[in-house]
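Could you walk me through this structure in my viewer, one selection at a time? I would like to know what to pick next and what I will find there.

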Amino acid sequence: MERNAFTIINPTGLHARPANVFAKLAKKYSCSVMLELDGKQVNGKSIVSVISAGIVQGTQVELITEGEDEHSAMEELGAFLLSGCGE
Amino acid sequence: MLYGVGASPGLAMAAALRYKPEKLTAGQAAAGSVQAEQEAFEAAVQAVKAESRLLCEKARREAGPAEMGIFEAHIEILEDEESILSPILEAIEGGKSAAQAVQEQFDQVISILSSLDDELISARSSDFEDIKQQLLCRLLRVQTADLSHLTQDVIVVAHELTPTDTMKMDLSHIKGFVTEVGGTTSHTAILARALGIPTVVSCAGALEQVADGVLVLLDGGQGTVNPAPTQAEQQQLRERQEQLHAQRQALLVFRDQPTISADGHSVQLLANIASPQECGPAMENGGEGVGLFRSEFLYMENSALPDEEAQYRAYASALRAARGKPVTIRTLDAGGDKAVPSLGIPKEENPFLGCRAVRLCLDRPELFQTQLRALYRAGTEGPLQIMFPMISSLDELRQAKAAAAQAREELDRQGIPRGEQVKLGMMVEVPAAAVLADVFAREVDFFSIGTNDLVQYTLAVDRGNDTVARLYTHYHPAVVQLIHRTIEAAHRNGIPCCMCGEAAGDSQFIPLLLGLGLDSFSMSPSRLLEVRKRIAGLSFQRCRQMAAQALEAETAEELEKIAAAINETEV
């Protein structure tokens with residue numbers, strides 16, 4: 001299992017478009033992808049769950065990947081979050 | 001006769017098609033077998049996904065990247081195992097019908113989203129409502145009006161039209177749109193202008209007054225709809241349409257030509273646009289570039305503010321559509337008469353003289369930075385020029401330029417590519433800017449005279465106020481002298497001067513502007529070819545002489561007479 005903390009930097013947070021891209025990226029991997037915030041975990045492969053979590057700019061989230069390809073998943077998804085979700 | 005607001009010019013005559021999509025609900029009908037309901041659900045999901053893919057593709061061809069994104073997100077939502085597919089299948093196993101399960105699960109998501117603080121995210125609940133309706137439509141086997149396959153030409157009459165509605169339509173058969181609500185910057189209006197479909201919005205009561213299948217006449221320029229035209233009126237419209245068509249054909253020869261006077265003086269003709277979709281057609285109508293791209297549409301569309309990505313896509317799309325021709329984008333010019341709900345601007349006693357346009361942006365650095373960043377990023381797609389509206393002091397200008405520098409520096413630090421040769425200019429519309437034009441000209445790359453506001457401020461006249469509107473005229477000597485002063489200052493300091501107000505498209509005023517030395521004229525795309533033809537028939541030298549004379553005039557009447565006189569001597 002890999003776990004890393006990220007701060008969401010793009011001004012509009014994980015709203016529809018970034019959530020869409022994030023979920024699509026996450027689904028490429030067989031491992032589980034979870035986002036943890038405020039003590040709750042949200043399935044990163046579910047666009048609806050990600051949007052509903054209301055992750056806005058400045059939120060600290062923990063990205064948790066667990067499974068066979070957990071390392072590549074962490075790399076790609078982590079880079080995505082670090083880059084400001086491409087915004 | 002029905003009256004609304006003209007949102008896209010042109011005349012249309014066709015059978016009316018009333019479009020009233022129902023809001024569907026699941027009802028209490030008992031469920032069939034679990035297997036049957038699950039299969040029905042899965043079939044509905046596949047059907048909606050397939051249609052969304054088609055709409056996405058259609059959006060890519062006919063509209064823009066923002067519209068595509070809507071449908072891409074819809075597809076992803078329909079593939080969401082955890083929050084959509086599994087819960088619904090389970091609910092069906094628990095005895096609910098597919099329709100009930102769909103409605104309950106979607107309503108749950110909608111209610112969670114609506115309760116979130118963040119406006120941008122909660123606004124997404126309308127996407128879920130849209131998808132829910134599409135699924136219910138298939139599950140309940142309701143036949144909604146299908147505008148995707150039309151066999152005859154129609155004018156669509158509706159209360160309002162959503163992006164999905166508009167995108168699904170068979171545009172080749174749609175000759176006009178009439179909506180009861182909506183404004184000239186609504187999604188439908190923008191699409192209609194981009195496609196050249198005459199449209200009237202804000203036409204209250206249209207649905208009641210127009211009967212299905214009856215021939216109606218629509219004038220998108222005047223904003224009128226005639227629900228029961230007489231034979232004579234129909235004939236009149238046909239004749240006007242033929243005339244317009246003949247005129248358009250005659251002007252086509254000027255399309256790809258440069259703009260040169262009879263004695264060889266060149267100027268530039270540019271287009272005023274309000275959305276990326278209008279850019280391509282404007283260039284095809286003879287534009288040598290865009291002189292004014294009003295960025296407000298992005299802020300007026302939704303209840304939430306447009307993020308950097310949405311703005312970037314819109315600006316980049318316009319630059320690409322211009323295919324190498326320059327595009328001048330004006331930073332947010334909201335407040336005052338241009339109400340933008342998502343900005344939450346408190347009501348002002350005197351909005352024209354208040355916190356609007358660049359002042360608002362300087363007051364809200366984050367808002368300004370978001371737009372500037374999006375602009376500079378889009379600058380990699382073509383020759384971009386940025387201009388600041390309502391500049392009234394050197395201090396304001398310097399602050400705006402500093403904000404632009406900040407955006408550039410941050411993008412560079414983040415390693416995000418941006419346009420390198422982006423020119424920065426300002427609108428000359430506050431009289432102070434015209435009076436001190438010499439001072440300002442040293443600190444910008446270009447001027448753009450905004451006559452609409454310049455006239456109002458200089459003459460202290462609100463053109464929207466019926467009791468004084470007749471006093472509003474760009475022929476007033478004070479206005480013309482300020483224009484002269486601005487152009488002279490620009491040339492003395494080696495920068496070009498453009499004009500993007502309505503006056504730039506006034507046929508009678510153009511010889512005067514030419515004679516005063518205006519370098520670029522930016523106007524509504526529909527005027528471009530006519531103006532090019534006009535300038536080709538003018539002698540620049542004669543215009544200069546006339547302009548010198550006009551500057552001596554003491555009244556607007558006198559000045560207009562002098563300007564008009566040249567029309568008679570030129571061919």
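A residue counts as buried when its relative accessible area is under 20%. With that cut-off, 53% of the 571 residues in chain B are buried. Keep in mind that this is a predicted model.

**Whole chain.** Start by selecting chain B and colouring by secondary structure: you will see 24 helices and 17 strands. Of the contacts between residues at least 6 apart in sequence, 67% join residues at least 24 apart.

**Salt bridges.** Side chains of opposite charge can pair when their charged atoms come close. Arg138(B) is partly exposed, at 28% relative accessibility.

Next, select Arg373(B) and Glu308(B), which meet in a salt bridge at 2.7 Å, N to O. Arg373(B) belongs to helix H15 (residues 365-378) and Glu308(B) to helix H13 (residues 308-321), so parts 65 residues apart in sequence are tied together. Both partners are buried: Arg373(B) has 9% relative accessibility and Glu308(B) has 4%.

Now move to Glu396(B) and Arg359(B), a salt bridge of 3.3 Å, N to O. This pair links helix H16 with helix H14, 37 residues apart. Glu396(B) is buried at 12%, whereas Arg359(B) is partly exposed at 24%. Then select Glu296(B), Arg330(B), Asp333(B), Arg356(B) and Asp453(B) together: salt bridges with shared partners join them into one network.

**Backbone stops.** Most residues other than glycine have a negative phi. Ala357(B) has a positive phi, near 50°; find this alanine in helix H14 (residues 357-363), buried at 0% relative accessibility. Met390(B) also has a positive phi, near 60°. Look for Met390(B) in the loop between strand E13 (384-388) and helix H16 (394-413), where its relative accessible area is 4%, hence buried.

**Last stop.** Which residues form a negative surface patch? Select Glu554(B), Glu557(B), Glu558(B) and Glu560(B) to see it. Of these, Glu557(B) lies in helix H24 (residues 556-569) and is exposed, with a relative accessible area of 62%.

How values were computed:
Residues numbered from 1 in each chain as written. Chains lettered and ligands numbered in written order. Predicted model: local features only at pLDDT ≥ 70, side-chain atom pairs only at ≥ 80, totals over all residues. Heavy atoms only, no water. Patch = residues over 30% accessible without salt bridge, like charges linked within 9 Å, V, L, I, M, F, W, Y side chains within 5 Å. Areas by Shrake-Rupley, 256 points an atom, 1.4 Å probe, with all protein chains shown as cover. Salt bridge = Lys/Arg side-chain N within 4 Å of Asp/Glu carboxyl O. Lys, Arg positive; Asp, Glu negative; His and termini not counted. Charge placed at Lys NZ, Arg CZ, Asp CG, Glu CD. Helix = DSSP H or I, 4+ residues; strand = E, 2+ residues; numbered from the N terminus. Buried < 20%, exposed > 50% of the residue type's maximum accessible area, 1.4 Å probe, protein only. Contact = heavy atoms within 4.5 Å.
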